[in-house]
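Reader: I'd like to talk through the charged side-chain pairs in this one. Could you bring it up so that we can go over them one at a time?
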Amino acid sequence: MSSAQVQIVTQGLSKNFGPIEALKNLDLEVKKGSTFGFLGPNGAGKTTTVRILSGLLRPSSGNAAVCGFDVLTQQDEIKGATGLLPETPGLYSKLSAVEFLEFIGALNDLTGEIVNKRIDQLLALLGLEGRQNDLLESYSSGMKQKVLVASTILHDPTLVFLDEPTSRLDPSASALVKEIILALAKETETTFFICTHMTDFAEDVCDIIGILNEGVLSALGSPNEIIDQVGANDLEDAYLKIVGGEVDREKLLTWRQ
Ligand SMILES: Nc1ncnc2c1ncn2[C@@H]1O[C@H](COP(=O)(O)OP(=O)(O)O)[C@@H](O)[C@H]1O
Ligand SMILES: [Mg+2]
C-alpha cells in the first residue's frame, strides 16, 4: 500500500498510566476514505488511542503516523489536518452555536462568508435552525453534541476522530450522523476513526472494525469477516464472543443480601 493511501499507521503503540497498561502494542493501518470502527468495552483503551493519534497524549512506547505526520514530533500538523470529537468535550457555554462555530472556524483559518454559509447550512442540516443564536448553556446535551459534530467537520479535515459520537443523540440524529459520515467518506474520501461500543452503529457505518479488549487488539476485519471468524450471527454476537459479556444471572440480585 502506498503511504498516501494509509492515513494512520501505528507500530507497537503502547500507553501505561502508572501500573495500568491502557494500550498494548497496537499495530494498525487505516486506509484513506475508510470508516474505521474501534469497538471495545469501557476501559478498553479506545479514548487513550484517540488521544495519542490526535496529538494530545504521548505514547509510552511505539510510534504512529497520522496523515503522514509523526505523533511524537508533529502534533501541531496532526491537529491541523484532523478533526476531533472528544469523549468529554469542553464547550463555551456563554457563546451561541454560531459564535462557537465561528470561533472554531477562525482557529482553523476559516473566516468570512464561506464559513458563515457553512455554519448556517450545517446547523440547518442538524435541525438547529431557529436556535442557532441561543447560548450553548441553554442547549440540551444532544443539541450540544450536534454542535460539536458540526465543529469537528466544519474545516473539511482529511481525517476525523469521533469518540462515541452518538452517545447523547436520539435515534434520528444518530441516523443523520451516520449518513453524514458515509457521504463524506464516499464523496470526499475523508477518513473516519470512530470509537463506539454500539455494534449496530458500527455494522452500518464501518468498513473495517477493530475490537480492543483490555488494551489488546483482539479482532480486525470487515464486519462480515469478524462475524465469520467467530461463527456469530451478527456483530453484537461476535463482539460478545470476543470480549465476553455473559451475564451471571445468579448474581444479579445477590448484592442485596
Ligand atoms: N489520565 C489517566 N490516568 C490514569 N488512568 C487512565 C487515564 N486515562 C485512561 N486511564 C485508564 O486507561 C484505561 C483505558 O481507558 P480509556 O482509554 O478511557 O478506555 P475506553 O475509551 O476504551 O473506555 C482505563 O483503565 C482507564 O482507567
Ligand atoms: Mg472512551
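Reader: To start, which residue does lysine 178 form a salt bridge with, and how far apart are the closest N and O atoms?
Author: In this predicted model, the partner of lysine 178 is aspartate 204, and their closest N and O atoms are 2.7 Å apart.
Reader: Switching topic, what does glutamate 137 form a salt bridge with?
Author: Glutamate 137 pairs with lysine 94, with 2.9 Å between the closest N and O atoms. Glutamate 137 sits in the loop between helix H4 (113–125) and helix H5 (141–153), while lysine 94 sits in the loop between strand S6 (82–85) and helix H3 (97–107), so this pair links parts that are 43 residues apart in sequence.
Reader: How accessible is lysine 94?
Author: Lysine 94 is exposed, at 60% relative accessible area, whereas glutamate 137 is partly exposed at 41%.
Reader: What about lysine 186, which residue does that one form a salt bridge with?
Author: Lysine 186 forms a salt bridge with glutamate 187, and there the closest N and O atoms are 3.7 Å apart. Lysine 186 is exposed at 66% relative accessibility, and glutamate 187 is exposed too, at 60%.
Reader: How many salt bridges does the count come to?
Author: The count comes to five salt bridges, including the one between lysine 186 and glutamate 187.

How values were computed
Residues numbered from 1 in each chain as written. Chains lettered and ligands numbered in written order. Predicted model: local features only at pLDDT ≥ 70, side-chain atom pairs only at ≥ 80, totals over all residues. Heavy atoms only, no water. Salt bridge = Lys/Arg side-chain N within 4 Å of Asp/Glu carboxyl O. Helix = DSSP H or I, 4+ residues; strand = E, 2+ residues; numbered from the N terminus. Buried < 20%, exposed > 50% of the residue type's maximum accessible area, 1.4 Å probe, protein only.
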